[in-house]
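Colleague: I am new to this structure and would like to learn how its features are read. Please take me through them one at a time.

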Amino acid sequence: MMRIEHVRALEILDSRGTPTVQAQVWLADGSCASAQVPSGASTGRHEAVELRDGDLSRHAGKGVLRAVDNIETELGPAVVGMNAADQAAIDARLIETDGTPNKQRLGANAVLAVSCAVARVVANAMEVTKVAGGPDCQATKLPFVFCTRPFSRSAQPILIPA
Amino acid sequence: MNIVLDVAASHFYENGRYRLEGRELTAAGMADYLEPWVEKYGVRSIEDPLAEDDWEGWQLLTSRLGKQVRLVGDDLFVTNLARLEKGIHQGAANAVLVKMNQIGTLTETFQVIDRAREAGFGAVISARSGETEDSFLADLAVASGAGEIKIGSITRSERLAKYNRLLEIEKWEWPTSAN
């Protein structure tokens, strides 16, 4: 059993200089791993809720200290003692601890950071460096490479002849 | 190489109409607008061609274009199993864009990818516009067996972290599978 010993979190910055969440998970054997969550600019209305502080004195209200605090005081303690290798049970506990359908109470950013950090610490402990897969999995992906900027963020529209 | 589009139609949808270039189009009008591009420009995939709650429009568009082109639901599905289920049952879209932070746990993300595969839907693993040096996404794409990944241009380290992780996995992780 890979017992979760300790979970910590901190506020870091994303590629736009906007705060986001990093969580770090330690197992009983001393191994640890962290995960950082991304953040969308154009978000769908039905997405899980990203928790932001709304404190205008820091990062124009976009701080994530509440999400960080939620990991350290609620989500982390909820999974300490659990078997990190049982990702489904860990995630079910995280969802239950939040208690809302869209993770608005503790923040999807807080929940996801813990979920991913747990997966990674297990991958490390199993001495594989990938999250899952196996010897036959195919790493080559068809990449989508952006050629133009979104219209909403560009000065000139691109006209496409019909 | 193929052209893929992200129309982000929720952004110009108002009162049941798509407001575009001074015109107001219905979902059928959007289908008329997009259809010629598929052949003319060899468009392989169109993401969010219609708005996030225009289920009827998505059904219509999918019945018209779904055999020729991949129709990817991002705002439509938001990596949410219940919404994907609705799309599968209604014949709305034929692929799902997967963003872990739209749903919030790894388990729920895998449920969406697995259900998509089972229903014959495609799954495209996607980054967000605010990213970090974390390359978890590349592992997710490999582990889930998804065929496509949407990270962005091959510039800037928060994106290259993912591309480089894919290269690393392919080259080093499983040397026994090198053949």
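This is a predicted model: local features need pLDDT of at least 70, side-chain atom pairs count only at pLDDT 80 or more; totals for chains, interfaces and linings use all residues.

Colleague: How many helices and strands does chain B have?

Modeller: Helices (H or I, at least four residues) and strands (E, at least two) are DSSP runs, numbered from the N terminus. Chain B has seven helices and nine strands. Its radius of gyration is 17 Å, close to the 16 Å that the globule rule gives for 179 residues, so chain B is as compact as a globular protein of that length. That radius is taken over C-alpha atoms, and the rule is 2.2 Å times the number of residues to the power 0.38.

Colleague: What share of the residues in chain B is buried?

Modeller: Buried means under 20% relative accessible area, exposed over 50%, and partly exposed in between (1.4 Å probe, protein chains only). In chain B, 59% of the 179 residues are buried. In chain A, buried residues make up 43% of 162.

Colleague: Why is helix α6 of chain B described as largely enclosed?

Modeller: Nine of the nine residues of this helix (residues 136-144) are buried, so the rest of the structure largely encloses it. Among them are B:Phe136, B:Asp139 and B:Ser144. After α6(B) comes B:Gly145, with a positive phi near 75°.

Colleague: Which residues have the most contacts inside the largest nonpolar core?

Modeller: In soluble globular proteins, nonpolar side chains tend to be buried together. A nonpolar core is a set of buried Ala, Val, Leu, Ile, Met, Phe, Trp, Tyr and Cys residues joined through side-chain atoms within 4.5 Å. Here the largest has 86 residues, and those with the most contacts inside it are A:Ile4, A:Ile71, A:Val114, B:Tyr18, B:Ile46 and B:Ile125. Helix α3 of chain A (residues 108-125) supplies the largest share, 11 residues.

Colleague: What does A:Ile71 touch?

Modeller: Contact means heavy atoms within 4.5 Å. Leaving aside residues up to four places away in sequence, A:Ile71 touches several residues, including A:Val7, A:Pro77 and A:Val114.

Colleague: What pattern does chain A follow along the sequence?

Modeller: Chain A reads β-β-β-α-α-α-β, with three helices and four strands.

Technical notes: Residues are numbered from 1 along each chain as its sequence is written. Chains are lettered from A and ligands numbered from 1 in the order in which they are written. Side-chain values use heavy atoms; hydrogens and water are left out.
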